[in-house]
Amino acid sequence: MKENLIAPSILSADFARLGEEVDNVLASGADIVHFDVMDNHYVPNLTIGPLVCEALRKHGVTAPIDVHLMIKPVDRIVPDFAAAGASYITFHPEASEHVDRTLQLIRSEGCKPGLVFNPATSLSVLQHVMNKVDMILLMSVNPGFSGQSFLPSALDKLREARKLIDQSGRDIRLEIDGGVKADNIGEIRAAGADTFVAGSAIFGAAREDDPNHYDTVISAMRAALAESPS
Ligand code: DX5
Ligand code: ZN
């Protein structure tokens, strides 16, 4: 198994102090920055775009930025995110007319491509593009909002995706997004995930004695990951 990565979703950060929030969460032990892009069209919410990604890079963020596109169409904005410093760019197959082309576009722009699967979306498309993805992101909530409860059906789907990744022999991250907390992260890892998005669970749990530190919750997640059966 790959190293476990914790990816705070900045959707739950204080946007008025975003640079500081990202610095604090990384200093508290997070590995990558999960960047949720919503367009009020593919999902019923509106968030942030390439300008904010670029602003984080200019602010000095060097950690990987994991851009999760919940937008339709996808292709027009890909070069803008690449230029803004995105590391991973993932999108929902329903949101692109030509999934293979979009995956190629993301790679040609110098980023790592990935596909995102909603709770009711089959993994079958992977059969045809497994050699073109560096990340598979499974939604354990319906996309659009933070703070929703983890859907347990994601566990079987993780096992299915893990099998596909192992059979492919490729270096592909298996990420889970939605309702991840310290008390369920262990079973999520045991089902095969290696990259864990958490929004409300991290940003809603600043250390009691210091609102700028998130190390208590991130340590609790790491401890649960270390204890989870392989
Ligand atoms: C939902 C987003 C998630 C969200 C997760 O559409 O993709 O990344 O911020 O938030 P929590 O961890 O609170 O479920
Ligand atoms: Zn997300």
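**Notes on a predicted protein model**

N40 sits in the loop between β2 (33-38) and α2 (50-59); helices (H or I, at least four residues) and strands (E, at least two) are DSSP runs, numbered from the N terminus. Before we go on, please keep in mind that this is a predicted model, in which local features need pLDDT of at least 70, side-chain atom pairs count only at pLDDT 80 or more, and totals for chains, interfaces and linings use all residues. Residues are numbered from 1 along each chain as its sequence is written, chains are lettered from A and ligands numbered from 1 in the order in which they are written, and side-chain values use heavy atoms, with hydrogens and water left out.

1. Let us stay with N40 for a moment. Its phi is near 55°, a positive value in a residue other than glycine. N40 is exposed, with a relative accessible area of 53%; here buried means under 20% relative accessible area, exposed over 50%, and partly exposed in between (1.4 Å probe, protein chains only).

2. Another backbone detail to look at is the cis peptide bond that joins K72 and P73, with omega about 0°. P73 belongs to the loop between β3 (65-70) and α3 (78-83). As background for both points, most residues other than glycine have a negative phi, and most peptide bonds are trans.

3. Now the overall fold. The protein has 9 helices and 8 strands. Its radius of gyration is 16 Å, close to the 17 Å that the globule rule gives for 230 residues, so the protein is as compact as a globular protein of that length. That radius is taken over C-alpha atoms, and the rule is 2.2 Å times the number of residues to the power 0.38. Along the principal axes, the C-alpha atoms fill a box of roughly 50 × 40 × 30 Å.

4. Of the 230 residues, 54% count as buried. Taking contacts (heavy atoms within 4.5 Å) between residues at least 6 apart in sequence, 64% join residues at least 24 apart.

5. For anyone thinking about cysteines, the disulfide count comes to 0, where a disulfide is a pair of cysteine sulfur atoms within 2.5 Å.

6. Strand β6 (residues 135-139) includes M139, which counts as buried at 5% relative accessibility. The C-alpha atoms of M139 and F117 are 5.9 Å apart, although the two residues are 22 places apart along the chain. Beyond its neighbours within four places in sequence, M139 is in contact with residues including H68, H92, F117 and D177.

7. M135 is in strand β6 as well and is buried, at 0% relative accessibility. Leaving aside neighbours within four places in sequence, its contacts include D66, Y88, L115, I172 and E175. M135 and T195 are 60 residues apart along the chain, with 9.5 Å between their C-alpha atoms.
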